[in-house]
Amino acid sequence: MEAKWWHKAVVYQIYPRSFKDSNQDGIGDLRGIIEKVDYLVKLGINTIWLNPIFSSPNDDNGYDISDFRGIMADFGTMADFDELVMVLKKNNIRLVMDLVLNHTSDEHPWFLEARKNKDNAYRDYYLWAQGRGGKEPTNWESFFGGSLWEHDVRTDEYYLHLFSKKMPDLNWSSSKLRNEMYEIANFWAEKGVDGFRIDAVVHIDKDSSYPQADNPGGRPYVMADYYYANRPAVHDYCQEFYREVLAGKEIMTVGEAASATIEEALKYTAPEREEFNMIITFEAISFDIDASLNPAVPPKWTQKRPDLCEMKRVWMKWQDGLYGKGWNTLYWNNHDVPRVVSRYGNTETYHKESAKMLATLLYFFWGTPYILQGEEIGMTNVAFAELADYRDVEIETFYREALATGKVTHDQAMAMIHARSRDNARTPMQWDATPQAGFSQVNPWMKVNPNYQTINVAANLADADSIFYHYQKIIALRTKSVYSDVITYGKTTLLLADDEHIFAYTREYGQQKLLVVVNFFETPQVVDLPFDVQSIILQNYAEVKQSTKQLTLRPYEAIVYVVQ
Ligand code: GLC
Ligand code: CA
């Protein structure tokens, strides 16, 4: 496979609203990012993915865009953006922007026009349909809960919105609309952006005959992915996007592809097909969801204990399935999922050990790593007592609909919000132990996690054994050590497939071989290794382990060996 810069990218995801507030209005901003570039250099990352920074009424924190060429006033100005690009370039950090192709804000001028009347020139930029029997055209469910249709009184038609009703979906079968979107992407490419993360892209084509979905569970609306995800035309549009925007440029692309199978992932990422470089799939992070636990709520709000053997099977399916044919992404966290150390680690007794174990396990696999801001200091989920302290639009709808079923109490709904809500990943970055965690000097747009006095950047930097320095080591091993190629390009082989507690695998490339072995749980485990190991290049306990064929791994212990 031809070497590309993004094979060795380590991506740091910045959620701008929550990263750093430079002007004391309680909202993170572009100048806040500029202030913290030195911190990112110290960590060693070489690429940033910025969540959307475009003009937006902020129904969904910037994913509802009202002007694709403007900077959101809360975040600063175009001059601030240009300066950020310059400062990042000077520090050899590449910039990946979030491109939202699937929908706009309902306050976007196109939609304001489109909804005026059926003959409007912008009408077919969006998806409209007539009601059936006085109800919505279909029983399809929005990803944010409730129907994905909204009735519009002016023309007595419904418009389709996969996300909130303030986010109408665009009609990609219109070539005029597609060209508008390519021009927008080219506008940012010309500004010097190095990559695009393409939001919700698998959904840009829908079955416009709008069939009813099967609904065995009897909830009022149901997910019907097959009518609006990974349909064949999506690939035609991706290839057209490639020709119109990407061809001839060294721009990295990562498509958000929630429900993609391996077969679909290969279509998106095989270089010869000229679609994307890699995708973000959800399968590899959904082990603690179990829809059968509570049929009254959408699956994402349920939670079970993950089964490590199942996790191994799924991880290896992705490692093997794309190897040599496409490219993979590695992530535990993003702004849409609860924090991993709260899900699979132990934030009380083994906070450091478990956070380091999780990082070690994940980031030695094959693929491009994505680290969510705060992950590198072990930030955790939050449990606000009041619903009013939450900000995510999805939570409101969830709470209302869950209680309306009559099968979920207030306390149960709050417990689900504590465990599963997206706001867990979005609380302000914890910089130090001063009020508001050094994020801002005023009350922030969302409350700071009360554990900021112990979990923060300053404390991490002052402790040579911190989670931060463990991330720093992993990143250096991946990007600038003698092991960089084996970590980047090596073949992955799973060991001990049936062990319910230990996750172990090797990476092999040319003459080099690494062994990663971790105890995923907090009871000590004895492991018999199938071969001799040589030296240790990374570990999460202070005392050095002797090389031996039999190991006893302590709670959440993680070791990376060189194999003879
Ligand atoms: C993606 C984003 C998510 C957003 C949604 C709608 O899934 O990651 O945050 O709410 O798209 O744009
Ligand atoms: Ca601000």
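I take a salt bridge to be a side-chain nitrogen of Lys or Arg within 4 Å of a carboxyl oxygen of Asp or Glu. By that rule I looked up E141 and R219, whose side chains meet in a salt bridge at 2.6 Å, N to O.

**Ground rules.** I am working on a predicted model, in which local features need pLDDT of at least 70 and side-chain atom pairs count only at pLDDT 80 or more, while totals for chains, interfaces and linings use all residues. Residues are numbered from 1 along each chain as its sequence is written, chains are lettered from A and ligands numbered from 1 in the order in which they are written, and side-chain values use heavy atoms, with hydrogens and water left out.

**Domains.** I noted that the chain is divided into domain 1 (7–102 + 175–469), domain 2 (109–160) and domain 3 (491–563), the bounds coming from an automatic or database domain assignment. Taken over C-alpha atoms, the centres of domain 1 and domain 2 are separated by 28 Å.

**Interface of domain 1 and domain 2.** I find 32 residues of domain 1 in contact with 24 residues of domain 2, contact meaning heavy atoms within 4.5 Å. The two domains bury about 2,300 Å² between them, 60% of it on carbon and sulfur atoms; buried area is the accessible area (1.4 Å probe) that two parts lose on being put together, summed over both. Across this interface the rule finds 1 salt bridge. I also recorded 10 residue pairs in polar contact between domain 1 and domain 2, both residues at pLDDT 80 or more; such a contact is a pair of N or O atoms within 3.5 Å, where within protein one must be able to donate a hydrogen and the other to accept it, and residues adjacent in sequence count only if both atoms are side-chain atoms. On the side of domain 1 that touches domain 2, the elements giving two or more residues are α5 (175–190) and α11 (393–404), and α5 gives the most, with 5 residues. Helices (H or I, at least four residues) and strands (E, at least two) are DSSP runs, numbered from the N terminus.

**Another salt bridge.** Of the 39 salt bridges that the structure holds, I looked up the one between K166 and E107, with the closest N and O atoms 2.7 Å apart. K166 lies in the loop between β8 and α5 and E107 in the loop between β5 (94–100) and α4 (109–114), so the pair ties together parts that are 59 residues apart in sequence.

**Strands.** I counted strands as paired if DSSP finds at least two bridges between them. An open sheet of 3 strands runs in the order β6-β8-β7 with antiparallel pairing, and its edge strands are β6 (128–129) and β7 (149–152). β6 is joined to β8 (residues 157–160) by 2 bridges, and W128 stands opposite Y159 in β8. Elsewhere I found β14 (residues 491–495) and β15 (residues 502–509) paired in the antiparallel sense over 5 bridges, T492 having R507 in β15 as its bridge partner. These two strands form a hairpin with 6 residues between them, and L496 in the turn has a positive phi of about 50°.
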